[in-house]
Amino acid sequence: MPSGTTPELAERMQAAVHKECAAILRALASRHQIHVSIHGARKAIRRLRALLFLVEDRLPDAAAVDQTLERLGDGLSALRDAHVMVDTAEGLAARGKAKQWATAIKRLVRRRDGLIQQALARDVDFRRRRRVVERAARQLGDLPWHELEATDLRQALERSCHRVAKAEARAKADPLPANLHRWRRRVRKLRMQMEALTRIEPDIAKDAAKESASKAAKALHKLSDQLGAFQDKQMLRNVLRRMRGLPHRAQTARQLSEELATNQSMLVGKGVSVAGR
């Protein structure tokens, strides 16, 4: 056993990975509130990939599984995004004039439901996707977890902190949608890693935070949500632009543009307080 490894660390990491695999499978098997289930599956996929990032240097075979999970998550993105756009439009309607948004919301609902029906027709009950997850779980279970060292997790978390700082600097210098999206993804991954390590190896999470691990995770969660809301409005704007014959187009577009401008102004003044900045 390499220096710095402990059976307890290996067991805790493996248990965390197994837990996320099980969460993905449960979500994909559930037919109750399909949009909630898809969201749950994508969140569990992201949590699992955040964990694998922490171990890939020591366990390089995890990288192939991560690529499989990335493709799985990407395949669910359009379904989740279609539902998020309905929610975003309903929120804008509640803050603006509901009548101006009524037709757009109806079309967005029809678009969302059509995408779900097509996906389930091609992959009944998501059986193919569930087989992919089951195979990934077996591959992860076969990894030599006993070789994992606490130093591996510490160094990987430091890399995540630096990646967030780099993406933040780029987004603030040039707040293009792609730069803000990259910042959001990296913030979200770091937040998930901090939350996981608070349970798995608390000292590592504590050392990475300037204050407390829990406070850092909460700050990352808030920033991730704000970046996510901004991206959701951008996606909605892009879809609405392609809808023909939409009544009240100018009014809804104006409301969206105003909220996006306000959100972007707020975001470029925010940051996260973690090591590596």
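The largest cavity has a volume of about 40 Å³, a cavity being a set of points on a 1 Å grid over the protein atoms alone where a 1.4 Å probe fits but cannot get out, and a volume being the space filled by probe spheres set on the points. The model is predicted, so that local features need pLDDT of at least 70 and side-chain atom pairs count only at pLDDT 80 or more, while totals for chains, interfaces and linings use all residues. Residues are numbered from 1 along each chain as its sequence is written, and side-chain values use heavy atoms, with hydrogens and water left out.

The lining of the largest cavity, made of residues with an atom within 4 Å of a point, consists of Leu180, His181, Arg184, Leu227, Phe230, Gln231 and Gln234. Helices α7 (177–200) and α9 (213–241) each supply at least two of the lining residues, and the largest share, four residues, comes from α9.

Helix α6 (residues 150–173) has 24 residues and reaches 35 Å from its first C-alpha to its last, close to the 34 Å expected at 1.5 Å a residue, where the expected span is 1.5 Å times one less than the number of residues.

The contact (heavy atoms within 4.5 Å) involves Phe53, Leu54 and Val55 of α2, and residues of α6 including Asp152, Leu153 and Arg163.

Terms used
1 Å grid on protein atoms, 1.4 Å probe; cavity = no way out; pocket = protein on both sides within 12 Å on 5 of 7 lines; lining within 4 Å.
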